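Visitor: I have a model open here and would like to talk it through. Could we start with how the chain is held together, and then turn to the details?
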Amino acid sequence: MHCPYCRHADTKVLDSRVADDGGSIRRRRHCLGCERRFSTVELMQLTVQKRSGATEPFNREKAISGVRKACKGRPVTPDQLDCLGQEVEDTLRNSGYAEVPSQEVGMAILAPLRKLDEVAYLRFASVYRQFTSVEDFEAEIAMLRAERLVASPPTSG
């Protein structure tokens, strides 16, 4: 760890504490070069295993780029997309695994996207789940309708 003040490479850890509900570690450090103190935060490296077997670091922006395409022309703001990206990353980190299959990234996107915008959800799901027919769309729409009925049962009058 290089000192942010003098770029000296030799620092000493004075204190370490778990932060963010166990998701990161905060370390208080002392530079042996300039004698100044600074803090660092360590996060678990989250990697994605692609279908090809290759792995790459999780990239929130890459994860929501497809969502952004699905939301084109929909009343979804960039802030809402940022929140969705954060929710997806939190879900993956809370899984407890340092490496997640790319399939899990897509699954983590579907639930918050469904709450955000059903049309964008259908667009994303049709590509992600590789819909091949009108029947695939009809089945997904029927499931959305059924969930809506369960969530808000009709009132008797």
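Guide: This is a predicted model, and among the contacts in the protein chain between residues at least 6 apart in sequence, 40% join residues at least 24 apart.

Visitor: OK, and how many helices and strands are there, and in what pattern along the sequence?
Guide: The protein chain has 5 helices and 6 strands, and reading along the sequence gives the pattern β-β-β-β-β-α-α-β-α-α-α. The protein chain is more spread out than a compact globule, because its radius of gyration is 22 Å, well over the 15 Å that the globule rule gives for 157 residues.

Visitor: What box do the C-alpha atoms fill?
Guide: Taken along the principal axes, that box is roughly 70 × 45 × 30 Å.

Visitor: And what share of the residues is buried?
Guide: Of the 157 residues in the protein chain, 28% are buried, while the chain exposes about 10,500 Å², of which carbon and sulfur atoms supply 52%.

Visitor: Switching to charges, how many side chains are positive and how many negative?
Guide: There are 24 positive and 22 negative side chains in the protein chain, and the centres of these two sets lie 6 Å apart.

Visitor: Now Ser126: is it buried or exposed?
Guide: Ser126, which lies in helix α4 (residues 118-128), counts as buried because its relative accessible area is 15%, and the cut-off for buried is under 20%.

Visitor: Which residues is Ser126 in contact with, leaving aside its neighbours within four places in sequence?
Guide: Those are Phe131 and Phe137. Within helix α4, a polar atom of the Ser126 side chain also lies 2.7 Å from the backbone oxygen of Arg123.

Definitions and conventions. Residues numbered from 1 in each chain as written. Predicted model: local features only at pLDDT ≥ 70, side-chain atom pairs only at ≥ 80, totals over all residues. Heavy atoms only, no water. Helix = DSSP H or I, 4+ residues; strand = E, 2+ residues; numbered from the N terminus. Rg over C-alpha atoms; globule rule 2.2 N^0.38 Å. Buried < 20%, exposed > 50% of the residue type's maximum accessible area, 1.4 Å probe, protein only. Contact = heavy atoms within 4.5 Å. Areas by Shrake-Rupley, 256 points an atom, 1.4 Å probe, with all protein chains shown as cover. Lys, Arg positive; Asp, Glu negative; His and termini not counted. Charge placed at Lys NZ, Arg CZ, Asp CG, Glu CD. Polar contact = N/O pair within 3.5 Å; in protein donor to acceptor, adjacent residues only side chain to side chain.
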